[in-house]
Amino acid sequence: MSSLVVKSDGNDEPFDERKLYASLFISLRIANESEKKAEIIAGEVVTMLKRWLHKKTHVTSHDVRSHAAFHLKEYNHVAAYVYTHHRTLS
């Protein structure tokens, strides 16, 4: 089942695991994780999020970010902070 993500502007967009993976990966690299470890962690967090999304038809982008940050925090607190606040840090 494919989930739709309700963006902050109100539009629906299909969940794109590549976008999530990329943002997690970048946050991990900023937090000084090695490239290999960042790949592994980002992949694991995406897998956990996909499990959570499995039976959902609509979720908000805020919910996606919150769940991803929660799981990312288990691996790297700094990366979770960067991921959560990337809009205010740039």
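**Figure 1. Overall dimensions of the predicted model.** With 90 residues, a compact globule would have a radius of gyration near 12 Å, and the 13 Å of the protein agrees with this. The radius of gyration is taken over C-alpha atoms, and the globule rule is 2.2 Å times the number of residues to the power 0.38. Along its principal axes, the C-alpha trace spans about 35 × 25 × 20 Å. This is a predicted model, in which local features need pLDDT of at least 70 and side-chain atom pairs count only at pLDDT 80 or more, while totals for chains, interfaces and linings use all residues. Residues are numbered from 1 along each chain as its sequence is written, and side-chain values use heavy atoms, with hydrogens and water left out.

Figure 2. Helices (H or I, at least four residues) and strands (E, at least two) are DSSP runs, numbered from the N terminus.

**Figure 3. The largest nonpolar core.** This core has 22 residues, and those with the most contacts inside it are L20, L24, L28, L72 and Y83. Two or more residues are given to the core by each of α1 (17-30), α2 (35-53), α3 (61-75) and α4 (77-89). The largest share, seven residues, comes from α2. A nonpolar core is a set of buried Ala, Val, Leu, Ile, Met, Phe, Trp, Tyr and Cys residues joined through side-chain atoms within 4.5 Å. Buried means under 20% relative accessible area, exposed over 50%, and partly exposed in between (1.4 Å probe, protein chains only). In soluble globular proteins, nonpolar side chains tend to be buried together.

**Figure 4. Surroundings of Y83.** Not counting residues up to four places away in sequence, Y83 touches L20, S23, L24, S27, V64, R65, A68, A69 and L72. Among these, L20, L24 and L72 are listed with Y83 as residues with the most contacts inside the core.

**Figure 5. V46 and H71, two buried residues.** V46 lies in helix α2 and is buried, with a relative accessible area of 5%. Beyond its neighbours within four places in sequence, V46 is in contact with E17, L20, Y21 and L24. From V46 to L24 the C-alpha distance is 8.6 Å, across 22 residues of sequence. H71 has its place in helix α3 and is buried at 15% relative accessible area. Leaving aside neighbours within four places in sequence, H71 is in contact with V45 and M48.

**Figure 6. N32 and K55, two exposed loop residues.** N32 lies in the loop between α1 and α2 and counts as exposed, at 71% relative accessibility. Although N32 is not a glycine, its phi is positive, at about 70 degrees. K55 lies in the loop between α2 and β3 (58-60) and is exposed, with a relative accessible area of 70%. K55 and S3 are 52 residues apart in sequence and 8.0 Å apart in space, C-alpha to C-alpha.

Key: Contact means heavy atoms within 4.5 Å.
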